Amino acid sequence: MRREAHLGDRIFYLLLNGVALSVLMLLGAIAWQLIHLSLPAIHKFGFGFFSSTNWDPVQEVFGAGPVIFGTLVSSGLALLIAAPISVGVALFLNELAPRRLAEAVGFLVEMLAAIPSVVYGLWGIFVLAPFLRITVEPWLSGHFGWLPLFRGAPYGVGMLAAALILAMMITPTIAAICKEVFRAVPQSQREAARALGATKWETMRLAVLESSHSGILGAVILGLARALGETMAVTMVIGNRAEIAASLFAPGQTMASVIANEYAEASGDLHLSALAFVGLALFAVSFAINSVARILVWRLNRNRGRDF
Amino acid sequence: MNPIQMKKSKYSRLASLRSSVCVSAMALTLSQVATLGMNGNVAAAAVQTINGAGATFPYPLYSKWFSEYRKVDPSLEINYQSIGSGGGVRQLLEKTIDFGASDAPMTAEQMAKTQLPILHIPTVLGAVAITYHLPGFKGDLRLSSEVLAELFLGKITKWNDPKLKALNPSLAASLPDTFVMVAHRSDGSGTSAIFTDYLSKVSPEWKSKVGAGTALKWPVGLGGKGNEGVTGLIKQTPGGLGYVELVYAETNHLPVARLKNRSGVFVAPSPHSVSAAAAAEAANMPKDFRVSITDAQGKDSYPISAFTYLLVYQRMKATQAPQFRKFLDWALTDGQKLAQPLSYAPLPAELVKKVKEEVAKIQAVQAVPAGK
Amino acid sequence: MVGLLIGCAILALFPLFSVFLYVCQQGLPGLHVNFFTSLPKPVGEVGGGMANAVLGSLILITLASLIGIPVGIATGVYLSEYGKTKLSMILRFCTELLAGVPSIIIGIFAYSLFVIPMGRFSSYAGGAALAVIMIPTVARTTEELLKLVPVHIREAGLALGISRWKVTLIIVLRGSLSGIMTGVMLGLARVTGETAPLLFTALGSQYWPRSLDQPIASLPVQIYTYAISPFEEWHQQAWTGALVLVLFVFILNLTTRMILKRHAPAKD
């Protein structure tokens, strides 16, 4: 650290340093608070909490299995849908589209990211769910009913609706990062591929996609992080029942939605603590995932010698 | 200065106009915030705010009451948030609200969490109606307690199940071959507590598999938040079946099922059949009013009826207690007249007297004792 | 192949159009003065508006800004001007992580930190929760934009013998004032639509805000409550509320883009 000559400088530095450190402490305080709140549940259930599939407030037995399942399935499915589309959009915007069109589409995609979650939820309840119930789910069970995935009552709201909403919400996130990643690919690489006689598609595949693997992975992981923590839109369309069902039509519950539904109203102390434990787990997971994604994206940028 | 500032264009002027509009809007709000922050106490002296939260079951009536009562006493604002009975009890125990509301009386275990005495003030009676959404089905659906339990246990999955047909012989043909889309509460709910209290009384299987309580592990169905959420789900879902307070079904033009009561009569939920249940069980009323009147005796009784309560600490803040007592007296007299139009049953006259005595017990203290 | 990519773009944009179309179509009929001037009516009565929720949202955002903007900017300045130390590397990382913490968890945090000790749901608790969400957004944007200020400007200032803190405050910060506005506005846009952290901090109210230590209504929570309700009038209001919310966020974002456009002429 440099030695500050002026008193003013030193005060200024200390002030900024203090504020900045308080941000650090904030993160610590959140973690500490969550651990503190979950202690009773940690003592009672231990790590078995995560494998137990029983969430029963009447018996005061709590296991996070169903909500972890709900989170993984809804987010996983959302990624399966959103990742290819996002990469496609990013390629389209960066490699194909004329500048003006790219700007316009890019702008719209950014707006998509700005729509608040509760508005997606509203749309999900009144537009997406009826559409799924009346059109999509009966068709799926009619044609693919032999798969357990598409069996059971077509409620409309449920795991499928949650996954679709999530897919919509994370597409702009993934697409925006992918675009940055693709843009960072040196133009010379594309020119080299073209010079070797590659078609437009081959250029994209060989020159752009090949060298962006870890960047795309980072983008997808950041999308996953967003999906895992998403609360309102999911709560509004997932059906809110903690169970592990094979069917995508069945209602579910995610880690975030169970907290939104029950945290203010759990009357048992253990119930409350179990919810905080779910929160702690969610915090830890998003912490880990964000770290991995950041490190991936950073490493990529450093390797390419670009700082942004 | 720097190139950025030199490069002012039409856009930038527009943008700075926008931002200045933005800034002035913020300044306005800021001044508002400052006023609120400083005048908080002054304003509070003029208008007293009392915060409550809890049951969604009586919410349509309560919101009417609190808005009507402002005409009686303009200096009292009662803010009520319908977050569910579980929330009402929890937040009362956490002391984050001034009063709670619940349809399920607090359990002994919950009462034991605080040394401070808590009063249960019954306000009205209501019915948990079994409501459904069957396009093309005309007439009254009839249900027995066994069939109801099986529907919610997920043992009956189709609307044209033989058991449903047997209960509704004349309408059997119009019961469709579609799934029963069960809807239930996802939050801690007094309506759930009443409903499952009933199912536990009538179905041993329900009692052993699920039990009774505000928050449950449901065998089937979709979860909705609040009576509002469940009604919304049923309305949105053809084939839907769920339990909600009667007024939610009525204001949404959803049909309600007739339930077979203990005397074997199929009774529809109504203020009348709820009052009948209360009258039939009147002898069992304990001194603190914590009573269950589900599965009541009597041939006119609707079997899933219940009292709904306001929960207050006996010792209330001196700034709030006198006005709140006055409000409760109003609710127990004039307020009762608003019950019937919203399909709630008013309290029986002899009970009102006892409840007023309970209200009189509310004491004004300088500060609510701290600690649990 | 090209068709496939165009298909992707259309597929990604389709929901935007659908959401926007529905929000306009369902929301516009309810958009009149009443919406901004009246309080909500009790269940079953027609009319009423979301005036208290609109005002409540503005108050919550202002409270959040009071903490979130200064802390965010200071953090951003620190990261940009003193950003080469190990501590600041960790800090930068933590800011990213804080941005990634699910907002519902911030709700739990604010509930146990403010609501329980204060014994009341309040604007303060809601504002604090929103501030935590705002800080990383403001900090990151500020840092990014301060980095765009050329080093030679700083050096010129220092060479003139001006002390470093003055250089930072007067030259660097003032020079990128519009950039900082961008960060602020992105922060505002980020918290305007936040619902989850308000559920158990600000709670809700059917009255005008009276005091900051009381529960307060907010637009997103009101939309949520109305959306899951069974009442037609409330659905209508929820859509109108959504329209107002979306327009507000869009305007913030548009303004941000405009500022950015003129602010970063060198970029691309």
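**A friendly note on chains B and C of this predicted model**

1. Let's start with chain C, which has 12 helices and zero strands. Followed along its sequence, chain C reads α-α-α-α-α-α-α-α-α-α-α-α. Please keep in mind throughout that this is a predicted model.

2. How much of chain C is buried? Of its 268 residues, 62% are buried. Its C-alpha atoms fill a box of roughly 70 × 60 × 30 Å along the principal axes. Among the contacts in chain C with a separation of 6 or more, 75% are between residues 24 or more positions apart.

3. The mean pLDDT of chain B is 86, with 87% of its residues at 70 or more. Residues 1-22 of chain B, however, have a pLDDT below 50, and this stretch makes 20 contacts in the model beyond near neighbours in sequence. Residues 38-44 of chain B also stay under 50, with seven contacts beyond four places in sequence. Where pLDDT is low, the predicted coordinates should not be read in detail.

4. Now to the sheets. In chain B, eight strands form an open sheet with mixed pairing, in the order E2-E1-E3-E11-E4-E8-E6-E7. Which strands lie at its edges? They are strand E2 (76-81) and strand E7 (222-224) of chain B, each of which pairs on one side only. From one strand to the next, the twist averages 25 degrees.

5. At the E2 end of that order, strand E1 (residues 48-54) of chain B pairs with E2(B) in the parallel sense, over six bridges. Within this pairing, you can find Gly52(B) opposite Tyr80(B) of E2(B).

6. Strand E6 (181-185) of chain B deserves a visit of its own. Is E6(B) mostly covered or uncovered? It is mostly covered, with five of its five residues buried. Met181(B), Ala183(B) and Arg185(B) point one way from the strand, while Val182(B) and His184(B) point the other way.

7. What pairs with E6(B)? E8(B) runs parallel to E6(B) and is joined to it by three bridges, and E7(B) also pairs with E6(B) in the parallel sense, over three bridges. A handy residue to look for is Ala183(B): it stands opposite Gly242(B) in E8(B), and its bridge partner in E7(B) is Leu222(B).

8. Helix H8 (residues 190-202) of chain B lies across several strands: E3 (99-102), E4 (118-133), E6 (181-185), E8 (240-245) and E11 (305-313). The helix runs at about 110 degrees to E8(B).

9. Chain B also has an open sheet of three strands, again with mixed pairing, in the order E5-E9-E10. Its edge strands are strand E5 (142-143) and strand E10 (266-267) of chain B, each pairing on one side only. Strand E9 (residues 258-260) of chain B and E10(B) are antiparallel and share two bridges; there, Leu259(B) has Val267(B) of E10(B) as its bridge partner.

10. Finally, take a look at helix H13 (residues 321-332) of chain B. Where do the buried residues of H13(B) sit around the helix axis? These residues are Ala321(B), Phe324(B), Phe327(B), Leu328(B), Ala331(B) and Leu332(B). They cover an arc of only 135 degrees around the axis, so they lie on the same side of H13(B). As background, an α-helix has 3.6 residues a turn, so residues three or four places apart point the same way.

Note on methods. Residues numbered from 1 in each chain as written. Chains lettered and ligands numbered in written order. Predicted model: local features only at pLDDT ≥ 70, side-chain atom pairs only at ≥ 80, totals over all residues. pLDDT = per-residue confidence, 0-100. Contact = placed C-beta atoms within 7 Å. Buried ≥ 20, exposed ≤ 12 C-beta atoms within 10 Å, placed from the backbone. Helix = DSSP H or I, 4+ residues; strand = E, 2+ residues; numbered from the N terminus. Arc of directions from axis to C-beta. Pairing = 2+ DSSP bridges. Axes fitted to C-alpha atoms, helices over the stretch in contact; angles between N-to-C directions.
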